[in-house]
Amino acid sequence: MTIKLYGVAMSTCTAKVLACLHEYGAEFELVPVNLQNGEHKQPAFLAKNPFGQIPALEDGDLTLFESRSISTYVAEKFKGSSCDLLRSQNPKEAALVKTWMEVESQQFSPAISPIFYQSIIVPILYGGSPNQAIIDESAAKLGKVLDVYEKKLSSSKYLAGDFYSLADLHHLTYIYYLMKTPYGKLINERPRVKAWWEDISSRPAFKKVAPGLTLGDKN
Amino acid sequence: MATPVTVHGPPLSTAVSRVLACLIEKDVPFQLIPVNMAKGEHKSPDFLKIQPFGQVPAFQDEATSLFESRAICRYICEKYPEKGNKGLYGTNPLAKASIDQWVEAEGQSFNPPSSVLVFQLAFAPRMKLKQDQSLISQNETKLEKLLGVYEKRLGESRFLAGDDFSLADLSHLPNAHYLVNAAEREELFTSKKNVERWWGEISSRDSWKKVVDMQKQST
């Protein structure tokens, strides 16, 4: 039975999981959810994710929500293949992957997501004007987080060590969108962060996902 | 006897208390090293070596240094599966994934509004800082709505991830404890039948009572 991922290719959280699925070469079906029609708030979808957010995953009897727990599940399910994004066989490496996954979740995401929301979602989905004060405050926070990354990346090639892991992968989709805004400079101004971004975004699995990240593109 | 693990930080910190609760549930011996935050010890060069974001807790287990409370909790559960509460993070991959999605929900959806409320209502007055009424009101609304989802879920199962207490429930204890006991927001929990029952059960666990004692003794 194939994995079903409910979501949309342009969503940062859905695409995070897509990148993981492609890294593992997993067979899956992307089942579109009609956000404009509020499908994600209807009972059928709420049965998959009571918080009414995409993505959700179905694998046999298992239903899961929260993109980071879904990607972790995928990585653990396909453990033992040549792809190893959790480093499960090495407890010390696995522990560092966990730490830097939480850093993305608790430090990086809260700082970058308001920039994404104000710069891309507000004008495009709501036809509104970005709130510059929120953007400026978030850009300052994000800068401080990226300063820590810049230092960390001087002692290891990737965030958790000299190996690519889910900790790096989870950053892909938000940074991809950030680079479409003037705030991409926060990445470009930091040489090691920039090099890390260029490395992780050139991975074949991400190259399959990036074309779907179309928010903010001019038609 | 193995060297105990070390936790750095004050028990009054919500993130530190999350780790302490997990260690006690898992019956893993630990040493608590105080960090004088009032004197800025968490921003000192020595501390930044073990926690580059200058936050508590930091954690050490033999040669492994970790940070981010939820990563530390997952690490403890995976390293010591046979100790203490064996089911805390599930005893099979499906159970673990189901628990993990609710740990993520706590980190992504419960933590942000509850942290703001705890700071505004419990800590700001004690620190003689002015409260932001609109921030309080916005986050009360968010939390109220969120707990509506929890109410429905907890009508379907005894605890968030199923019929057993798990890391998902534990993760909520620190902020919820302050909301109830220091921020005068008990009503958020007692106004919903299932949430009230759940809160009563999880907050009366021996492990949490021990953490609360540690918090009291540290003042």
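This is a predicted model: local features need pLDDT of at least 70, side-chain atom pairs count only at pLDDT 80 or more; totals for chains, interfaces and linings use all residues.
Counted by residues, 26 from chain A are in contact with 30 from chain B.

What about charges and polar groups at this interface? Three salt bridges are found across the interface of chain A and chain B. One of the salt bridges pairs Glu76(A) with Lys96(B), whose closest N and O atoms are 3.1 Å apart.

Which elements of chain A each supply at least two residues to the side that touches chain B? They are strand E4 (62–65), helix H3 (67–77), helix H4 (91–126) and helix H5 (132–152). H4(A) gives the most, with 11 residues. By residue type, the side of chain A that touches chain B divides into 13 nonpolar, seven polar and six charged residues.

Now step back to chain A as a whole. Chain A holds 10 helices and four strands, and along the sequence they follow the pattern β-α-β-α-β-β-α-α-α-α-α-α-α-α. The C-alpha trace of chain A spans about 50 × 45 × 30 Å along its principal axes. Its radius of gyration is 17 Å, which agrees with the value near 17 Å that a compact globule of 219 residues would have. Of the 219 residues of chain A, 55% count as buried. Among contacts in chain A between residues at least 6 apart in sequence, 66% join residues at least 24 apart.

Finally, take a look at one lysine in chain B. Lys192(B) sits in the loop between helix H7 (186–190) and helix H8 (193–203) of chain B. Is this lysine, Lys192(B), buried or exposed? Its relative accessible area is 10%, so Lys192(B) counts as buried, the cut-off being under 20%. Leaving aside residues up to four places away in sequence, Lys192(B) touches Glu144(B), Leu147(B), Gly148(B) and Glu151(B). With Glu144(B), the side chain of Lys192(B) makes a polar contact of 2.5 Å.

Note on methods: Residues are numbered from 1 along each chain as its sequence is written. Chains are lettered from A and ligands numbered from 1 in the order in which they are written. Side-chain values use heavy atoms; hydrogens and water are left out. Contact means heavy atoms within 4.5 Å. A salt bridge is a side-chain nitrogen of Lys or Arg within 4 Å of a carboxyl oxygen of Asp or Glu. Ala, Val, Leu, Ile, Met, Phe, Trp, Tyr, Cys and Pro count as nonpolar, Asp, Glu, Lys and Arg as charged, and the others, Gly among them, as polar. The radius of gyration is taken over C-alpha atoms; the globule rule is 2.2 Å times the number of residues to the power 0.38. Buried means under 20% relative accessible area, exposed over 50%, partly exposed in between (1.4 Å probe, protein chains only). A polar contact is a pair of N or O atoms within 3.5 Å; within protein, one must be able to donate a hydrogen and the other to accept it, and residues adjacent in sequence count only if both atoms are side-chain atoms.
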